[in-house]
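Hi,

Here is the model I said I would pass on.

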Amino acid sequence: MEVAVCLKRVPDTASKIRVGEDGKTIDTSDVQYIVSPYDEFAIEEAIAIKERQGDTQVTVVTLGDTAAQKELRLALAMGADSGILIKSDSALDANQVARNLAAALEAKSCDLILFGRQSADDGSGQVGPMVARILGMPCVTDVVSVELLDGAVRVEREVEGAREVIESSLPVTLTAQKGLNTPRYASLKGIMQAKKKKIEEVEAQPFDARFPVKSLSPPPARPEGKIVGEGVDAVAELVRLLREEAKVL
Amino acid sequence: MEPYESVDFFGIEELLSEDERLVQHSVREFVSDKVIPDIAEHFEKATFPRDLIPQLGELGVLGANLEGYGCAGLNNVAYGLIMQELERGDSGVRSFVSVQGALVMYPIYAFGTEEQKQKFLPKLATGEFIGCFGLTEPDHGSNPNGMITNAVKDGDSYILNGNKMWITNGCIADVAVVWAKVDGVIRGFVVEKGTPGFSTTLQEHKFSLRASVTSELHFEDCRIPAANLLPETGGLKSPLKCLTQARYGIAWGALGSAMASFDCARKYSVSRIQFGKPIASFQLVQAKLAEMFSEITKGQLMVHQLGRLKDQNKLRPQHVSMAKRNNCYQALEIARTARDMLGANGVTYEYCVGRHMLNMESVKTYEGTHDIHTLILGQEVTGIAAYE
């Protein structure tokens, strides 16, 4: 079967994020990049399916600048078979990303397309469902288990207080929630083998931006704390403030 | 706990290829997830984290710079980065991997028969077999040429007699690469666990490399098949070639330890408030951090070029001596300074600096002491060997 995983290169979650000079994007100097953590669950699931099923091709796709090759290469080192880099040097909105991903995947006739539930940077959580819509596939979000049946798939989602079991026909798009699996480390042999795997490069197409980011601002600085007094004498005033001003009691 | 931040002041990452970066990334993640959480407890209880062995094999770090036989076939810079990342976790874990790869797999790979390679290397690469390397003796450390252990040919066998000391992995090893004199010439042998006449004892009561097994090996009329001789070995240069491999890895590894100590000291000094401000705002603290930062950067540049020389077959043992000597010395100094900067907290297992400080005392001493490497460099610049 044909499986695709869409992944995103995002700033390391440990990086300190500053807003860039344009006020719309982040300052990328000194930022380390990683594969978005939810996408790692998607990659792991695709490789695990390939190992269980046999006769499966796993393609990893990303949209980004040339540096995003590294994140594709990591997925290839984990065990994916080939990669597609949709090259774009500028920040695109979710519509542009989804349309480009769909365009790159259309010809592949995928049985299964996997995403992380949301990216670790923008976190809009909509690219997966949008790609499914464009390609005319059903989409199940936030899955925590995937079982392939004959021409169908049974997945589980965690919903408030319960576990939902859903069966879908193939092809289908799934987005991965934490708990789906434990992503493997890229083994050193895998890294050496990945050097021989192919990454196809295509230019991003100029689809319309439907909801571009207008501005980006850091959260407001936390106001200074207030010291209401010292020792036992301050307790009454503190309780009053917690009750009347902060309204937490 | 805040995530680890390594030092890369001179943009050395840009000198790395994509696969070298991926190797570093994978091993760093592994160390953060699998080594760091339990290592202080292992150190305190003096236990080796054996559960790591199959995982290290699966990751591919055992004999990672060898070709074929289940090995990853990495270049020497990638291999060095592995050592650096592992020793950021603990010198004991790095020692395990160094011994397995550079001191057991390498001599079988370099001096063994095809049959020996087929028999041992794939299982050593996965960690199914554990190896140890017996060169040092109770009375012969810096002067291995004086070894007493000997082997006498007897029909289709050799009979080994002697004792080895300070042997990493000894008690847990399935395979020992043992050096013994045959008619006065040092040769290498593979001795398998369970061979009659071969026994081990655990060396306890050490304050360093506590998360690593250190042992004595004893050979009493130990009869091994003549086929276990590593045929291409001959003279002291054979074990010294192995030591050059291992010392190369240590030169990188020591920087990992130094970066762990530096990272800890830097974060601590920024968050520790005394006299109403972070201790990092005091000049004495800044001077210490600046010194550490500079020494780490110098060490990084040294091992990077050392690795490129090794990949170009231009490496000489003297190059390795300089890097091993310098980086171990600096890592120990950095750990001591970091320990000092953490005040009383520095002597607890809650912080890594005390553990790294204690470990580096061994790492500075083993695989050629600091002073012996000094004399090797002295000979390099004067042409006169002070130790002969």
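Below is what I found, starting with the overall layout and ending with the interface.

Keep in mind that this is a predicted model. Chain A splits into domain 1, residues 2-203, and domain 2, residues 221-249. Between the C-alpha centres of those two domains of chain A there are 47 Å.

One residue I looked at in detail is A:Thr62, which sits in strand 4 of chain A (residues 57-64). Its relative accessible area is 0%, so A:Thr62 counts as buried. The A:Thr62 side chain comes to 2.6 Å from the backbone oxygen of A:Leu7. Leaving aside residues up to four places away in sequence, A:Thr62 touches several others, including A:Leu7, A:Ala68, A:Leu72 and A:Ile86.

Now for the two chains together. On the chain A side 14 residues make contact, and they meet 24 residues of chain B. About 1,600 Å² is buried between the two chains, 67% of it on carbon and sulfur atoms. A:Lys70, A:Tyr185 and A:Leu188 provide 42% of the area that chain A buries against chain B, more than any other three residues.

As for polar links, 6 residue pairs are in polar contact between chain A and chain B, and the interface has 2 salt bridges. B:Glu18 makes a salt bridge with A:Arg73, with the closest N and O atoms 3.1 Å apart. Helix 2 (69-78) and helix 5 (188-194) of chain A each give at least two residues to the side that touches chain B. That side of chain A is made up of 7 nonpolar, 3 polar and 4 charged residues.

Cheers

Terms used:
Residues are numbered from 1 along each chain as its sequence is written. Chains are lettered from A and ligands numbered from 1 in the order in which they are written. This is a predicted model: local features need pLDDT of at least 70, side-chain atom pairs count only at pLDDT 80 or more; totals for chains, interfaces and linings use all residues. Side-chain values use heavy atoms; hydrogens and water are left out. Domain bounds come from an automatic or database domain assignment. Helices (H or I, at least four residues) and strands (E, at least two) are DSSP runs, numbered from the N terminus. Buried means under 20% relative accessible area, exposed over 50%, partly exposed in between (1.4 Å probe, protein chains only). A polar contact is a pair of N or O atoms within 3.5 Å; within protein, one must be able to donate a hydrogen and the other to accept it, and residues adjacent in sequence count only if both atoms are side-chain atoms. Contact means heavy atoms within 4.5 Å. Buried area is the accessible area (1.4 Å probe) that two parts lose on being put together, summed over both. A salt bridge is a side-chain nitrogen of Lys or Arg within 4 Å of a carboxyl oxygen of Asp or Glu. Ala, Val, Leu, Ile, Met, Phe, Trp, Tyr, Cys and Pro count as nonpolar, Asp, Glu, Lys and Arg as charged, and the others, Gly among them, as polar.
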